[in-house]
Amino acid sequence: MCFCQESQWQREIAARVDGRIAWGAYAGGMDSYAPRFVDIDGDGDLDLFISQIERPEIVFYRNDGTPIEPRLTLVTRTYGTDNGIWFRSEGSVLEFADIDADGDLDMFVGESYAIVPEDDRWAKVLFYRNDGSTSAPLWRLKDDDFEKAPIDTLYPPGRYRPLTAAPSLVDIDSDGDLDLFVGEDFGNIRFSRNVGVSTQPQFVFEATVYDSIKVKGLSLTPEFGDIDRDGDFDLLFGYYSFEAFEGALNHVVFYRNVGNAQMPHWQLESDSLLSIAVDDVPAPELADLDGDGDLDLYVGGGDWFPFYENTTQQSGPEFVFRTNNFIAIDVDYSASPALADIDADGDLDLFIGNFDGYLVFYRNQGTAIEPEWHFITDHFLYTNMRSEIYPTFADIDHDGDQDLFIGTFSIGIQFYENVGTAFEFEFRLRPGSYANLTNVFRTVPNFVDIDNDGDLDLLVGGNPPWLFPFENLVLSQ
């Protein structure tokens, strides 16, 4: 009689990355990040919504910590579907505000890359009123075109119309109600002033290009906040630069308000704040997640979610880079992890192949029991195969160090011999396809002593969907 105890699995989400907790390190990445911090459940701390500029879904993290020590818990990756949030576009940019002054937050969904019929072809701002409470929101779609700007006059039918809309609501003139700014894909910010009252908003369109602020780019994402602590709102926005089509990255622009809270006057401080560079539309977010009284900076965009802590005790700000991975370890599509003790310090380091053919390297600066990942490079050995790769490590020559094998889409297995030591690696590419695999696509190598003869045999998955076994006939040394 054989007794086998059933395995009990518990999914782990958080991990220490770059010296801090990444609350969704193993939760899976996203196509593009557009973060919003709001206290959606009325418990006094900031929760996190991440909409995706290139995917019609919303991820929600609830803050189960405190206003000073956050602890973000992944609740759902399908918040939109779970709560009846309607999409007609590839993605969205969210905004939350108490537009009717009833004490709870309402939701505004700006469309991103709207795909709609020609006669209705422009990105809209959808308004979901909170018919629940401060602690338990209940979303009801009240208006599928919230802004009443004269769209047909601004953008006549038959001509190109904006396909992105990134809303931001802020009391820019200090009259007690919220005004509306909408970033567009013409490199401009559209502005409508609220001439109503806090309980009954009435928006009057004023300008297609707000205060002559315009850039040579697409998909502006405005964010307002008093980052210099002078009592008025300053302006940040990201945009997709035309140069990005040529491989350049995209930046965040900073305008300081040198006017006052009633009458802003904008002065360009930087067209590349902190040299922030992401591979998609940057979506800046200002929030005091740690409760120290100043606004920290979070930037969504592409596969990165950089975090800059505001360390100033004066007017500031003084932003200090903390991590490229605030919430998750994200390496784009087709993540293929491999673990190996590459520096012989007794713990496993992390390597991840991705869709673009690059190998990402995180060194473990923790322990074998409690890893702490530190990002080293997303171009390890510059192994660009121009398509997805599948790494694995094995000491194939029994010299005490880890050699690297990379399965590829169409050129078999590439072998990088470690000609260094177990403590200091040095990889050298050996020519040709390892094991002479040809006419096999998406080769996925794995080494194991399958016949218990003391040497490593090779098993290769691939397409055609076969498993290719190779026995090692060389005796181990």
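Colleague: Why is aspartate 279 called partly exposed?

Modeller: Aspartate 279 has 35% relative accessibility, and partly exposed lies between buried, under 20% relative accessible area, and exposed, over 50% (1.4 Å probe, protein chains only); therefore aspartate 279 counts as partly exposed. This is a predicted model, in which local features need pLDDT of at least 70 and side-chain atom pairs count only at pLDDT 80 or more, while totals for chains, interfaces and linings use all residues. Residues are numbered from 1 along each chain as its sequence is written, and side-chain values use heavy atoms, with hydrogens and water left out.

Colleague: What makes the pair of phenylalanine 37 and phenylalanine 326 edge-to-face?

Modeller: Rings of Phe, Tyr and Trp (its six-membered ring) pair if their centres lie within 6.5 Å; planes under 30 degrees apart are stacked, over 60 edge-to-face, and the rest tilted. Here the centres are 6.2 Å apart and the planes at 80°, so the pair is edge-to-face.

Colleague: Why is the pair of phenylalanine 96 and tryptophan 139 called tilted?

Modeller: The ring centres of phenylalanine 96 and tryptophan 139 are 6.2 Å apart and the planes stand at 55°, so the pair is tilted.

Colleague: How do you know whether tryptophan 139 is buried or exposed?

Modeller: Tryptophan 139 has 5% relative accessibility and therefore counts as buried. Phenylalanine 96 has a relative accessible area of 8%, so phenylalanine 96 is buried.
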